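Thank you all for making time this morning. Please have a look at the sequence and the model before I go through them with you.

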Amino acid sequence: MQCADLITYLSDYIDNDLPVELTREAEEHLATCHNCKVVLDTTRHTVTLLKEHGQVAIKPVRRKAMFAQLETAFLKQPNQPG
Ligand SMILES: [Zn+2]
């Protein structure tokens, strides 16, 4: 799995909606990729905060836009791993 794939699956990963094998691939990538780990921690923290405070979770459209931005940011990086 590469960064762009991880970002694509990140939302479902946080929601535990990923198939087992994709979850395992995501965890393997996260174990070796600091960038994605930071993105995951930040995103999960935000989602958790919203839930804990009883606020409405980020709407799917909003989340899609957010992840699209993250994906774009990754793709702009000149040094793509692997
Ligand atoms: Zn990565």
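What you see is a predicted model, in which local features need pLDDT of at least 70 and side-chain atom pairs count only at pLDDT 80 or more, while totals for chains, interfaces and linings use all residues. Residues are numbered from 1 along each chain as its sequence is written, and side-chain values use heavy atoms, with hydrogens and water left out.

The pLDDT, which is the predictor's confidence in each residue on a scale from 0 to 100, has a mean of 82 over the protein chain, and 83% of the residues reach 70 or more. Confidence is highest in helix 2, at a mean of 96, and lowest in helix 4 (residues 60-76), at 76. Helices here are DSSP runs of H or I with at least four residues, numbered from the N terminus.

Let us stay with helix 2, which covers residues 20-32. Its 13 residues should span 18 Å at 1.5 Å a residue, and the end C-alpha atoms are 19 Å apart, which agrees; the expected span is 1.5 Å times one less than the number of residues. Which residues of helix 2 are buried? They are L22, A26, H29 and L30, where buried means under 20% relative accessible area, exposed over 50%, and partly exposed in between, with a 1.4 Å probe and protein chains only.

H29 brings us to the zinc ion, which is coordinated by C3 (SG), H29 (NE2), C33 (SG) and C36 (SG) at 2.0 to 2.4 Å. Donors are N, O and S atoms within 2.8 Å of the metal, or 3.2 Å for Na, K and Ca. The angles among the four donor atoms are 103 to 114°, and the site is tetrahedral, a label that requires all angles to lie between 85 and 135 degrees.

Finally, S11 in helix 1 counts as buried at 15% relative accessibility. T23, in helix 2, is partly exposed, with a relative accessible area of 21%.

Note on methods. Helix = DSSP H or I, 4+ residues; strand = E, 2+ residues; numbered from the N terminus. Tetrahedral: all angles 85-135°; square planar, octahedral: opposite > 155°, others 65-115°.
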